[in-house]
Amino acid sequence: GSFGASAVLAFGAIRSPLAQPRNLVGGHFLSALVGVSCYFLFPGTLWLASCLAVATAIALMHVTKTLHPPGGATALIAVTGGEGIHQLGYLYAFVPCLLGALIMLAIALIVNNIPKAQRYPQFWW
């Protein structure tokens with residue numbers, strides 16, 4: 001679900017700071033790590049793990065200058081995504097999150113730079 005919102009930013013709002021590579025990749029990866037950690041720290045209280053995952057992910061994205069709103073959903077999915085997601089553990093942060101964000105970035109670099117009148121990314125770091 002969070003990747004759908006990322007696609008809107010990466011392909012539909014390419015000038016937004018929230019759609020730039022550091023934000024796209026870093027926001028998903030860090031948020032996934034936070035979400036998995038919260039699930040492991042509070043396994044019996046999904047409501048608490050969910051709240052803490054999203055809030056902590058937002059704070060960490062601000063601190064690292066990787067704010068990417070779909071990252072909040074990535075953190076939430078790590079907690080509420082079900083047994084298949086939970087079995088992945090920290091692998092969830094790497095596959096599908098990091099790898100998926102990198103693939104989306106690669107496609108965005110190609111597609112968004114086809115028109116001569118636009119440039120993506122606006123900045124890398």
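**Close-up 1. Valine 111 in helix 6.** Valine 111 sits in helix 6, where helices are DSSP runs of H or I with at least four residues, numbered from the N terminus. This is a predicted model, in which local features need pLDDT of at least 70 and side-chain atom pairs count only at pLDDT 80 or more, while totals for chains, interfaces and linings use all residues. Residues are numbered from 1 along each chain as its sequence is written, and side-chain values use heavy atoms, leaving out hydrogens and water. Valine 111 counts as partly exposed because its relative accessibility is 39% (buried is under 20% relative accessible area, exposed over 50%, partly exposed in between, with a 1.4 Å probe and protein chains only). Look also for phenylalanine 11: its C-alpha atom is 8.1 Å from that of valine 111, although 100 residues separate the two along the chain.

**Close-up 2. The buried face of helix 1.** Helix 1 covers residues 2–12, and its buried residues are Ser2, Ser6, Leu9 and Ala10. Viewed down the helix 1 axis, these fall within an arc of 90°, so they line one face of the helix; the arc is taken from the directions from the helix axis to the C-beta atoms. Val8 and Gly12, on the other side of helix 1, are exposed. Helix 2 (21–41), helix 4 and helix 6 (91–111) are what the buried residues of helix 1 pack against, with contact meaning heavy atoms within 4.5 Å.

**Close-up 3. Helix 2 meets helix 3.** The axes of these two helices come within 8 Å and cross at roughly 145°; axes are lines fitted to C-alpha atoms over the stretch in contact, with angles from 0 to 180 degrees between N-to-C directions. Residues of helix 2 in this contact include Arg22, Leu30, Val34 and Tyr39, and those of helix 3 include Leu46, Leu52, Ala57 and Met61. By class, the contact of helix 2 with helix 3 has 11 nonpolar, 5 polar and 1 charged residues (Ala, Val, Leu, Ile, Met, Phe, Trp, Tyr, Cys and Pro are nonpolar, Asp, Glu, Lys and Arg charged, and the others, Gly among them, polar).

**Close-up 4. Threonine 66 in its loop.** Threonine 66 lies in the loop between helix 3 (46–64) and helix 4 (70–80). Threonine 66 counts as buried because its relative accessibility is 5%. Leaving aside residues up to four places away in sequence, threonine 66 touches Arg22, Asn23, Gly26, Gly27, Leu30 and Met61.
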